[in-house]
Amino acid sequence: MASKSTSIEIAGREVTITNPDKVFFPEKGYTKLDLVRYYESVAPGALRGIMRRPTVLKRFVNGAAEAPFFQKRAPDKLPEHIETARVTFPSGRWADLVVCDDTADLLWCINLGCIDLNPWPVRADDVDHPDELRIDLDPTPEATFEHVRETAMHIKEALDDFGITGYAKTSGSRGIHIYIRIEPTWEFQQVRRAGLAFAREVEARHPELITTKWWKEERHGVFIDYNQNARDRTIASAYSVRPTPDARVSCPVSWDELPNVRLEDFTIETVPELFKKGIDPSSAIEDQLHSLEPFLELMREQEKKGEGDAPWPPQYPKAEGEPKRVQPSRAKKEPSAKASVADSPTGRRKSIHPLIVVSKAEHKDEALEGLERWKARHPEAAEHLKPADIMVDSMRGMSTTWTRIRVNLRNVPEGQRPAEEGPDPDYDPWAGLDPSLRGRSTRYDPSNGRL
């Protein structure tokens, strides 16, 4: 019979681990206790990424094989050693987030089912001024990890030109993250614009490989996600385990080794051995805080050339100077914008590209299975599709994400384009809820700011 709980003495405190034998990674058989022991073994490195940072609890209560839910507000009942920090969201709402100070705090989070750690880029004593600029490299479907590594090295070259030191780590999924410690002087909007300006500079140097295009249908190669520097956006921190079948780790890597790293080299089994040998390429990340001025000056130069702001994520208020927040395929055609609406049987704008929704599912694998069924029903159309024509979108529900898959039929001859059918499956994340809550990603109580 599996034990119900066990205790670990760490950092002068006792942390209770409930259901330690519960399997969190079915393919490998790793349990919750295996996950706890991993974080215990790399605690100095893991804490460096989350120390004194408000952290979103991304809880996989049933393990990595099932979808998590996001708990932004700290639980009502907290151990005495757990502190919180109050943050304000773009909507004006607020919540008190968990803050970790030591290994006991870290393991308490893991016991709640947090496989990876998702901190804000600020410290608890100043939640409005980031001390970290994050560069997130996200490959498009046709790009390989080799392309991501190549992009990272181009970023290293550009950072060297600006006299700025960045620290790279694998994402544990398909990408690479590069962190830059900055002086906590600028607000989120300025940090985001500085990150966008730098991303555009790297894109201009290597346009065939790198893109900053926000809309997926316009992207190619490797996308630099500049919006990861917006308020309330988080990235799995260094040494976080990711919910992959083999329990891969978002692991810091040196610039010398990066051109040859493989994602599968860093797992819950291999990383502790590296850490034990003293191999931690991120150990010096706290040694220097950089000014954003070089990037802000770059931004000003770009604005003189007509390059202003770029689109924000949909849940953010419209920003001053932001271009129209509409994907190109749904933009109004000029000069016959009115005709495009009238020509649509639904009364909506007529798309420039023939986009159809083929599946909406609670879990990504279910959505992909629906896509395969669509391909089987329409083999003639499917054979014309290119990787970029299939858009797998992670959508926000009330407290979890769900998956939508769209297909762009632009490369399919018009006579072979199938009509849009009902999504298969057709998941509704707001089913059974009050209609007023439809479309919201969280429940909100205006009397106390809680989500």
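# Exercises on strands, a helix and enclosed spaces

Lys58 stands opposite Phe70 in strand 6. The structure is a predicted model, in which local features need pLDDT of at least 70 and side-chain atom pairs count only at pLDDT 80 or more, while totals for chains, interfaces and linings use all residues. Residues are numbered from 1 along each chain as its sequence is written, and side-chain values use heavy atoms, with hydrogens and water left out.

**Exercise 1. Describe the chain as a whole.**

Step 1. Count the secondary structure: the chain has 10 helices and 20 strands. Helices (H or I, at least four residues) and strands (E, at least two) are DSSP runs, numbered from the N terminus.

Step 2. Take the buried share. Of the 451 residues in the chain, 50% are buried. Buried means under 20% relative accessible area, exposed over 50%, and partly exposed in between, with a 1.4 Å probe and protein chains only.

Step 3. Look at contacts (heavy atoms within 4.5 Å). Among those between residues at least 6 apart in sequence, 68% join residues at least 24 apart.

**Exercise 2. Which strands stand at the edges of the open sheet of six strands?**

Step 1. Write down the order: 13-14-10-12-11-17, with mixed pairing.

Step 2. Read the two ends. Strand 13 (210-211) and strand 17 (252-253) each have a single partner strand, so one side of each is left without a neighbour in the sheet.

Step 3. Examine one pair inside the order. Strand 11 and strand 12 run antiparallel and are joined by four bridges. Thr170 has Ile176 in strand 12 as its bridge partner.

**Exercise 3. Is helix 2 largely enclosed or largely open?**

Step 1. Count the buried residues. Seven of the eight residues of helix 2 are buried, so the helix is largely enclosed by the rest of the structure.

Step 2. Name them: Ala43, Gly45, Ala46, Leu47, Arg48, Gly49 and Ile50.

Step 3. Find the cover. Among the elements covering these buried residues are helix 1 (32-41), helix 3 (103-111), helix 6 (270-276) and strands 5, 9 and 12.

Step 4. Look past the end. Arg52 follows helix 2 and has a positive phi, near 60°.

**Exercise 4. How many cavities of 30 Å³ or more does the whole structure hold, and what lines them?**

Step 1. On a 1 Å grid over the protein atoms alone, a cavity is a set of points where a 1.4 Å probe fits but cannot get out; lining residues have an atom within 4 Å of a point. Grid points are joined across faces, edges and corners, and a volume is the space filled by probe spheres set on the points.

Step 2. Give the count: a search of the whole structure finds two.

Step 3. Take the largest cavity, with about 110 Å³ of space. It is lined by 13 residues, and Lys169, Tyr179, Ala238, Ser282 and Ile285 lie nearest its centre. Helix 2 (43-50), strand 11 (167-170) and strand 12 (176-181) each supply at least two lining residues.

Step 4. Take the second largest cavity, with about 50 Å³. Its lining includes Leu133, Asp136, Phe198 and Tyr226. Strand 10 (132-139) and helix 5 (188-205) are the elements that give two or more residues to this lining. Strand 10 gives the most, with four residues.

Notes: 1 Å grid on protein atoms, 1.4 Å probe; cavity = no way out; pocket = protein on both sides within 12 Å on 5 of 7 lines; lining within 4 Å. Pairing = 2+ DSSP bridges.
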